[in-house]
Amino acid sequence: MDDSLMHRIHRAWLVAGVTFITLISAAAFRSSMGVLLEPLEAEFGWDRATTSSAASLNLLIYGLVAPFAAALMQRFQVRNVVSAALALVAVGSAATYWMTASWQLMIMWGLFVGFGTGSIALVFGAIIANRWFVARRGLVTGVFSAASATGQLIFLPTVANVATTYGWRASAVGVGALALAIIPAVRLLLADSPAAIGQKPYGASDEYEAPTIPRLSLTEVASSTINTLREVATNRAFLILAGTFFVCGWSTNGIIQTHFIAAAHDHGMPSGVAAGLLALIGIFDIVGTVASGWLTDRYDSRLLLVAYYGLRGLALLYVPYVLGPHVAPPMIFFIVFYGLDWVATVPPTVALCRQHFGLAKSGVVYGWVFASHMVGAGAGASFAGWIRSNQGDYAIAWLMAGVLCIVAAASFSLMRRPEVAVD
């Protein structure tokens with residue numbers, strides 16, 4: 001790297017750039033399953049409950065790995081864990097080319113891809129934001145959160161078109177190839193922390209002292225992660241954050257990301273058009289989530305989350321009335337309204353984890369909160385698939401998701417403001 005360029009650009013921004021690209025790609029790997037549900041069912045004769053089970057396992061593993069990934073990054077360094085995760089995604093996705101049975105889908109897409117993407121989930125972004133930034137931390141967290149939507153924006157319509165034109169196997173192999181292509185950039189640009197290269201975080205004062213990042217054994221990694229959960233499991237703030245993030249996962253990855261394309265197709269909309277609408281949600285989510293990061297730097301995160309969950313609940317109650325064979329104005333209104341709120345919940349949730357539990361512990365705490373998010377996503381995906389198989393439509397699933405969001409909004413009335421915000 002040219003020395004003059006390094007003097008002009010703080011290394012934090014280069015690290016943020018490669019993190020953003022990795023998070024974009026992880027979103028593409030994870031969201032492509034929603035496009036492949038119907039092609040897999042058509043070829044193998046599986047029902048929606050079977051394919052939804054694989055999607056649910058993917059989401060569940062994705063979430064449960066997150067808190068351990070945070071600890072593994074402390075043990076083996078961020079760069080090494082991210083590189084290994086991308087390699088695992090590549091193997092799991094490409095290997096589906098030879099799949100012939102549903103149990104193989106569960107292993108390759110559920111376990112391999114779930115484990116790999118879980119290791120480079122938003123917990124990874126939270127760790128980078130907390131370690132590398134003092135100034136603009138909320139904004140950077142918002143940008144990383146928006147990367148999830150950007151992955152859908154860039155890749156999901158492409159995955160759908162490739163699957164339609166060349167078959168689902170071509171899409172799966174393409175996802176694997178993309179995962180491999182990112183590894184060199186990770187190895188070249190991603191550093192473990194500013195202190196590791198003799199720098200301070202972006203915006204840090206001359207008096208700033210970085211917290212010590214312990215190097216733990218594998219046994220210590222597991223025990224430290226579990227012990228952190230034990231320490232916070234009865235804390236009211238943690239219970240509210242974990243419970244509301246469970247609802248966040250149910251209402252985003254669980255029902256919209258996994259089932260929106262199939263639900264729209266049930267109402268006569270072509271799958272490619274529905275994938276484009278899901279990508280359009282991603283466009284507006286970029287705006288909404290970056291704005292949420294900016295707001296998080298300035299306002300009470302609890303009040304922001306009340307607004308986000310409440311508005312999301314109202315939007316989900318509206319879904320059954322806008323689905324149809326054509327893209328009408330009410331559908332566009334839903335896409336814009338919901339898109340602005342898609343993962344806007346992440347920056348204030350990360351901030352509350354840091355404020356209530358401290359910088360050193362916040363990565364693992366947020367990992368457990370995020371695990372709850374993905375358990376909710378898996379539960380929501382399974383519930384929606386079961387409702388569709390037994391009722392013939394998704395009406396009850398939309399209603400349940402909307403009500404859960406409204407309950408989540410109300411729960412923040414029980415959360416106290418942290419006495420001392422921890423930077």
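These legends walk through several close-up views of a predicted model. Local features need pLDDT of at least 70 and side-chain atom pairs count only at pLDDT 80 or more, while totals for chains, interfaces and linings use all residues. Residues are numbered from 1 along each chain as its sequence is written, and side-chain values use heavy atoms, with hydrogens and water left out.

**View 1. Helices α12 and α13 side by side.** Helices (H or I, at least four residues) are DSSP runs, as are strands (E, at least two), and they are numbered from the N terminus. The crossing of α12 past α13 is left-handed, a term used if the near helix is turned anticlockwise from the far one by less than a right angle, with right-handed used if clockwise. From α12, Leu311, Arg312, Ala315, Leu316 and Tyr318 meet Pro330, Phe333, Phe334, Phe337 and Tyr338 of α13, where contact means heavy atoms within 4.5 Å. By class, this contact of α12 with α13 has nine nonpolar residues, no polar ones and one charged. Ala, Val, Leu, Ile, Met, Phe, Trp, Tyr, Cys and Pro count as nonpolar, Asp, Glu, Lys and Arg as charged, and the others, Gly among them, as polar.

**View 2. Helix α11 meets α12.** The axes of α11 and α12 come within 10 Å and cross at roughly 150°. That makes α11 roughly antiparallel to α12, and α11 passes α12 in a right-handed crossing. Look for Ser292, Leu295 and Thr296 in α11, which meet Ser301, Leu304 and Tyr308 in α12. The contact of α11 with α12 has three nonpolar, three polar and no charged residues.

**View 3. Helix α11 meets α14.** Helix α11 (residues 271-296) and α14 have axes that come within 8 Å and cross at roughly 35°. On the α11 side, Thr289, Ser292, Gly293 and Thr296 meet Pro347, Pro348 and Ala351 of α14.

View 4. Helix α14 runs over residues 346-357, and its 12 residues should span 16 Å at 1.5 Å a residue, which agrees with end C-alpha atoms 16 Å apart. The expected span is 1.5 Å times one less than the number of residues. α14 is mostly covered, with 11 of its 12 residues buried; buried means under 20% relative accessible area, exposed over 50% and partly exposed in between, using a 1.4 Å probe and protein chains only. Among the buried residues are Arg354, Gln355 and Phe357. Just after α14, glycine 358 takes a positive phi of about 90°.

**View 5. Threonine 19 in helix α2.** Threonine 19 belongs to helix α2 (residues 11-44). It is buried, with a relative accessible area of 0%. Setting aside neighbours within four places in sequence, threonine 19 is in contact with Phe124, Gly125, Ile128, Phe144 and Leu190. Threonine 19 and leucine 190 lie 171 residues apart along the chain, yet their C-alpha atoms are separated by 7.8 Å.

**View 6. Helix α8 and the loop beyond.** Helix α8 (residues 168-189) has 22 residues and reaches 33 Å from its first C-alpha to its last, close to the expected 32 Å. Its buried residues include Trp168, Ala179 and Val186. In the loop between α8 and α9 (218-232) you will find proline 194, which is buried, with a relative accessible area of 4%. Not counting residues up to four places away in sequence, proline 194 touches Arg131, Trp132, Gln199, Lys200 and Pro201.

**View 7. Glutamine 77 between two helices.** Glutamine 77 is in the loop between α3 (48-76) and α4 (78-94). Its phi is near 80°, a positive value in a residue other than glycine. Glutamine 77 is partly exposed, with a relative accessible area of 31%.

Conventions. Axes fitted to C-alpha atoms, helices over the stretch in contact; angles between N-to-C directions. Parallel < 35°, antiparallel > 145°, perpendicular 65-115°, else oblique.
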